[in-house]
Amino acid sequence: MRTLLWLLPLGLGLMGCQANTDSVEQFIAKTHTNAKAKVKPLAAPYIFVAESFVMTSKRVPFLRPKPELLLSKQADVSCWQPENNPQQTKLEMFPLEQLAMKGAIGHQRQLWGLVYTPKGELVRIKPGQFVGLNRGKVIKVSDKLIEIEETLPDGKGCWLTRPAKLALVQH
């Protein structure tokens with residue numbers, strides 16, 4: 001009897017596996033016929049057309065141009081020339097943008113500016129000393145400002161000066 005009870009559910013289960021598969025096959029066939037791929041067409045390929053090279057001057061474009069040569073005979077020596085001082089101070093190794101005024105010390109007759117370098121040094125500076133890459137000469141030191149006159153070449157053998165300032169930076 002026990003074996004019969006075992007065989008009965010097993011037999012019913014196996015009979016259920018013989019179900020009609022026509023509807024599944026019909027569904028798959030119908031889905032394949034109705035399925036449509038929605039793909040955008042590719043854009044037309046870009047066709048590169050090279051322009052022909054036309055020589056407009058005698059200079060060969062594949063060689064580096066030679067810079068203008070300034071001969072000392074042609075240079076106008078009547079224009080202003082800066083003093084030649086080969087000794088550089090600590091503050092002449094950095095551009096002005098990297099330097100920061102942190103304060104001033106001294107008295108009314110002689111005021112020293114305190115300038116902080118990118119290397120982390122605090123350097124004292126007074127009028128007459130040089131600062132920055134453009135050979136800036138310190139003109140005046142006040143408690144909130146260092147006035148500087150930078151020297152720049154004009155490209156023709158002469159030199160120009162321009163004013164610059166280092167303002168007090170408080171953090």
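**Paired charged side chains**

Reply: Arg135 is buried, with a relative accessible area of 16%, where buried means under 20%, exposed over 50% and partly exposed in between (1.4 Å probe, protein chains only). The model is a predicted one, in which local features need pLDDT of at least 70, side-chain atom pairs count only at pLDDT 80 or more, and totals for chains, interfaces and linings use all residues. Residues are numbered from 1 along each chain as its sequence is written, and side-chain values use heavy atoms, with hydrogens and water left out.

Arg135 takes part in a salt bridge with Glu92, and the closest N and O atoms of the two are 3.0 Å apart; the term salt bridge stands for a side-chain nitrogen of Lys or Arg within 4 Å of a carboxyl oxygen of Asp or Glu. This pair links distant parts of the chain, since Glu92 lies in the loop between helix 2 and strand 1 while Arg135 lies in the loop between strand 4 (130–131) and strand 5, 43 residues apart. Helices (H or I, at least four residues) and strands (E, at least two) are DSSP runs, numbered from the N terminus.

Another of them joins Lys90 to Glu121, with 3.3 Å between the closest N and O atoms. Lys90 sits in the loop between helix 2 (22–34) and strand 1 (100–106), and Glu121 in the loop between strand 2 (111–116) and strand 3 (122–125), so this pair ties together parts that are 31 residues apart in sequence. Lys90 is partly exposed, with a relative accessible area of 48%, and Glu121 is also partly exposed, at 32%.

In a further salt bridge, the side chains of Glu150 and Arg162 meet at 2.8 Å, N to O. Glu150 belongs to strand 6 and Arg162 to strand 7 (residues 159–167), so here the parts tied together are 12 residues apart in sequence. Glu150 is buried, with a relative accessible area of 5%, whereas Arg162 is partly exposed, at 40%.

As for the chain around these pairs, it has two helices and seven strands, and from the N terminus on its elements run α-α-β-β-β-β-β-β-β. Buried residues make up 18% of its 171 residues.
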